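Please consider the structure shown below.

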Amino acid sequence: MNRDKHKNRTRLIIVVLSAIFVMLLTQLPLLKNSPIKELELKLIDSRFAERGPIANKNAPGVVLVEITENTYNGLPFPHDIKSWPRSIFAKLIRNLTNAGAKAVGIDIIMSNPDLISANNDSVLFKTIKECKNVVLAGEIPEQKSDKYNLTNLHENFGNIFFPADSSLGTVQVVQDNDGVLRSYIPYMIYSTNNNDNAEVKIPTFGFALLNKFFGAANSYTAINNSSYFLYDGKTIPKFNSNSFLVNFYGEKKYFPTFDFLDIVDDKSFKTADEIKTNEEINTWDDPGYGLLNSGLFKNKIVIIGSGNYLDRDIFHVSYAEGIKQPGEDNSADSKNENRMYGVMFHATAIQNILNGDYIKKESGFIESIIVLLYVFASFYLTYYIKKIKSKYSLAIEFIFLAVLAGLFFAIKAISFYAFSHYNYLMSVSAPCLALVIGYVNSSAYEYIAEKRQKVIIKKMFSQYVNSTIVDELVNNPDKLMLKGEMKDITILFSDIEGFSSFSESMEPENLVQFLNDFFDEMTKIVIEENGTLDKFIGDSVMAFWGAPLSIENHALSACKAALKMQSKLDELQSGWKAKGYPALKMRIGINSGEAIVGNVGGKRRFNYTVMGNNVNIASRLEGANKQYGTKIIASADTYKRVMNNFVFNELGGITPKGISKEIRIYEVLNEM
């Protein structure tokens, strides 16, 4: 019982340690580059792909204005945005503001003065200051990727127009280790150049635009709580300690997108085509088809940035329609699948906040409970499966492995369903790994335990029972009940008559040699007849049949062994006679019936033995030979089982000491 409790406790400890190992392997920050982490990230991408694009149910709150190849060709400027006069951006901002845009974000770093005229910078500076709805792009010269901290930055964050309004957001994004953008950071932290070296939060580009949109202060940032960010009364679930997972909509057309050229082409501006043809187009303020009065920009967040492949403002993301290279066939498989321009990435994160399209990640606590349950189930299912011993054991093992594989697919299917229908991100790799670890650890534990048990069985029985029985016990240890059981057996006791007086006349070393030779021969006979040698008591031999393995007719084997033992004694007499030893006689008692069989002893030493009234009767029958002048006496219980196999002489009835009822006894003469 104590051994079973110890084994159960050991198994439970292994389960808990296995669960902790899985959680460390999947959650430990030091292992963020591990293949398991990489796999989990890829599974996020595949969930987006399986879900597909999200339909545009409501009018998006973000409008994109892209600088494309058409923009470069249509503006009467060099094909280099750094060479454009900054006054063109002032015109863009004025036009969008007049169209009702609440926030205008320029995703372009303007770190150097205008190359044409300082007056152009002044015009843009004044426009930003007057419109009060502009957010500029800032950059981070130095970054610690673990905490996204900034140190000793210039006050303009790489943008010379920062003093105009102080509305600036960092546009640099943090990719996962595989180079894919999946999450968005609400803010970053930097230390000032002041003597106090104080830490200051600065919103990222998307959140700076949201500040403008909601009328919040320029420096307003989300509050970082344990499992979510709190922003303007909105609870944004965390993906990790610094970011939330972006819910990609999938289609490029999700956001209304316009060309930069169409926004600045008003009646006061001449495009390259208008100069060439000397005809007015005015896509912005034409009374008939102009965008100014279309209402498309009213109360919107407008983001201006590159939509040109050659500008390389392109990022790998979890899920996107993709970007074709110039001249690439639209029907061809594009290596640029799941890539998007930076402006669209910012727009997607902003729209997630406006719509509340958050993806909630499974909490670490829930994941830990699930992992523990999966390890527990896998470990103990494996344990019980391996306990099944039959000719179909191998087939059962393969079926169980197939079930485990099925569970992998079920975990994946459930997690994908939760993601597609409820925007809930469940871990896939952790529970799958839990199943594998549970199976492997259970198999390893049972293998080691089985090996250890086989060693114990061999050590315990190899000297006392037939090697065939030992092999059977090793291969089928379940047949061995060491903790104690009631079994139907046959017990044999033997004793050398007059041994005490005989031993007194012998030298100690001769006596020991005599006993060793005698016991060796008797033991061989017991083992040959599939008996179990219990112990030697002085010159006596105690053996039994029917345990640890049950045999069909143990009484028959015991009686055969008794006759062989007497025959072997006669053979030994001739050798002893030559040494001057007197003739010796051996008395044997045999009884059959139920007895307690099992390991008896202390923690340090124990013996596999038998106990009970039927054992005492066999011992008393051995002594009864003296009274009747016989060599072998068997009880009626033994006689009834083998009466047709041996010649018996009925001796009558006796009441052995300690036994309340009379027992009929029979002398065993020879085998028929």
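Predicted model: local features only at pLDDT ≥ 70, side-chain atom pairs only at ≥ 80, totals over all residues.

The overall architecture may be described next. The protein has 672 residues, of which 49% count as buried, and its secondary structure consists of 19 helices and 27 strands. Among contacts between residues at least 6 apart in sequence, 70% join residues at least 24 apart.

In the largest of them, which has 51 residues, Ile301 and Ile303 touch the most other members. Helix H10 (residues 342-355) provides the largest share of this core, seven residues. Beyond its neighbours within four places in sequence, Ile303 is in contact with residues including Val62, Val63, Leu64 and Val65, as well as Phe205, Leu209, Val343, Ala347 and Ile350. A second, separate core comprises 42 residues, among them Phe499, Cys559, Ala561 and Tyr666.

Aromatic rings form a further theme, with 40 aromatic pairs found in the whole structure. One of these joins Phe499 and Phe502, whose ring centres are 6.0 Å apart and whose planes meet at 55°, so the pair is tilted. Both residues belong to helix H15 (residues 499-504), where Phe499 and Phe502 are three residues apart, about one turn of the helix. Phe499 and Phe502 are both buried.

The pair of Phe514 and Tyr581 is edge-to-face, because its planes stand at 85°, with the ring centres 5.8 Å apart. Phe514 lies in helix H16 (residues 508-528), while Tyr581 lies in the loop between helix H17 (554-578) and strand E23 (585-601), so this pair ties together parts that are 67 residues apart in sequence. Phe514 has a relative accessibility of 3% and therefore counts as buried.

Elsewhere, ring pairs link a cluster that includes Phe48, Tyr184, Phe207, Phe213, Phe214 and Tyr231. Phe244, Phe248, Tyr319, Phe345 and Phe419 are also among the members of this cluster.

The charged end of Lys238 sits over the ring of Phe229, 5.3 Å from its centre. Lys412 lies over the face of Phe416, at 4.1 Å from the ring centre.

Technical notes
Residues numbered from 1 in each chain as written. Heavy atoms only, no water. Helix = DSSP H or I, 4+ residues; strand = E, 2+ residues; numbered from the N terminus. Buried < 20%, exposed > 50% of the residue type's maximum accessible area, 1.4 Å probe, protein only. Contact = heavy atoms within 4.5 Å. Core = buried A, V, L, I, M, F, W, Y, C linked by side-chain atoms within 4.5 Å. Phe/Tyr/Trp six-rings, centres within 6.5 Å; stacked < 30°, edge-to-face > 60°. Lys NZ or Arg CZ within 6 Å of the ring centre and 35° of its normal.
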